[in-house]
Amino acid sequence: MSVDFLEPVSSRSTIQDGIYRQLRKALMSGHFDPGQTLTIAMLSDTFKTSHMPVREALRRLIAENALVVLTTGSAQVPTVSLAALDDLCLTRIALETLATKLATERSTPADRKAFRHLVEEHEAAANDRNLEEMLARNQELHFAVYDCCGSPVITQFIQSLWLRFGPYMRMLSGHIEPVLVSGKYQPSSHHRDLIAAMDAGDARTAAKAIKGDIETTQALLRRLCKEMVEKP
């Protein structure tokens with residue numbers, strides 16, 4: 001699989017952090033396949049650096065459960081399963097609905113205007129059949145809302161969950177892409193319901209919209225997981 005989305009890191013003072021941040025973002029965005037092996041040699045060549053900073057970046061990601069270590073010393077993207085999917089979604093719903101309720105209470109009109117703009121950009125990307133842009137705007141919207149909740153601890157835990165959700169995002173994007181290209185993809189109403197509820201100061205309904213967004217994705221991914229297991 002191509003890793004062209006990764007860029008060389010040149011500044012020695014930030015080289016390990018730069019590698020870590022790029023890999024973390026790529027994993028969270030679903031750029032890597034479930035079960036894909038990431039070798040130190042391959043990544044060192046990609047980043048145009050020595051093995052040491054790559055090894056340290058991988059160790060950090062393994063500690064965050066974003067990767068698993070193989071007996072060869074290489075790292076691997078976690079495989080997917082129904083049990084892990086349901087566990088992640090259960091925890092995501094608990095934390096993300098809490099963050100949304102708090103954000104609804106704290107958000108300003110300017111915040112909500114920014115959220116609405118991201119919803120519009122997400123829908124425009126879908127109309128343009130631009131999958132990468134659509135997924136990026138989706139993630140940006142969610143974290144713009146969560147960052148508004150006022151709790152760095154909650155936001156950090158949510159980031160960790162999204163990082164571990166990366167393999168499922170890869171499955172999701174693989175499913176959505178042909179539908180998007182065909183022009184048949186229709187964005188759900190959850191994002192617009194979220195903004196409308198936040199505008200109304202209705203924290204409960206805003207949280208319900210986020211819960212619905214996660215559960216809709218979970219239902220689709222459960223079907224994809226089952227299809228993967230049932231393949232001969």
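A residue counts as buried when its relative accessible area is under 20%, as exposed when that area is over 50%, and as partly exposed in between. In this predicted model, Ala124 has a relative accessible area of 34% and is therefore partly exposed. Ala124 belongs to helix H5, which covers residues 109-127. Between Ala124 and Met134 the separation is 10 residues in sequence, and their C-alpha atoms are 8.0 Å apart in space.

Nonpolar side chains in soluble globular proteins tend to be buried together. The largest nonpolar core of the model consists of 67 residues, and Leu23 and Tyr168 have the most contacts inside it. The greatest contribution to this core comes from helix H10 (residues 203-230), which supplies 8 residues. When neighbours within four places in sequence are left aside, the residues in contact with Leu23 are Leu6, Phe32, Leu43, Phe47, Leu58 and Leu61.

Leu23 also takes part in the packing of helix H1 against helix H3. Helix H1 spans residues 15-28 and helix H3 spans residues 51-63; their axes lie 8 Å apart and form an angle of about 45°. H1 is therefore oblique to H3. The two helices, H1 and H3, cross in a right-handed sense. On the H1 side, the contact involves Ile15, Gln16, Asp17, Ile19, Tyr20, Leu23, Arg24 and Leu27. These meet Pro53, Val54, Glu56, Ala57, Leu58, Arg60 and Leu61 of H3. By residue class, the contact of H1 with H3 comprises 10 nonpolar, 1 polar and 4 charged residues.

Definitions and conventions:
Residues numbered from 1 in each chain as written. Predicted model: local features only at pLDDT ≥ 70, side-chain atom pairs only at ≥ 80, totals over all residues. Heavy atoms only, no water. Core = buried A, V, L, I, M, F, W, Y, C linked by side-chain atoms within 4.5 Å. Buried < 20%, exposed > 50% of the residue type's maximum accessible area, 1.4 Å probe, protein only. Helix = DSSP H or I, 4+ residues; strand = E, 2+ residues; numbered from the N terminus. Contact = heavy atoms within 4.5 Å. Axes fitted to C-alpha atoms, helices over the stretch in contact; angles between N-to-C directions. Parallel < 35°, antiparallel > 145°, perpendicular 65-115°, else oblique. Left-handed = near helix turned anticlockwise from the far one by under 90°. Nonpolar A, V, L, I, M, F, W, Y, C, P; charged D, E, K, R; others polar.
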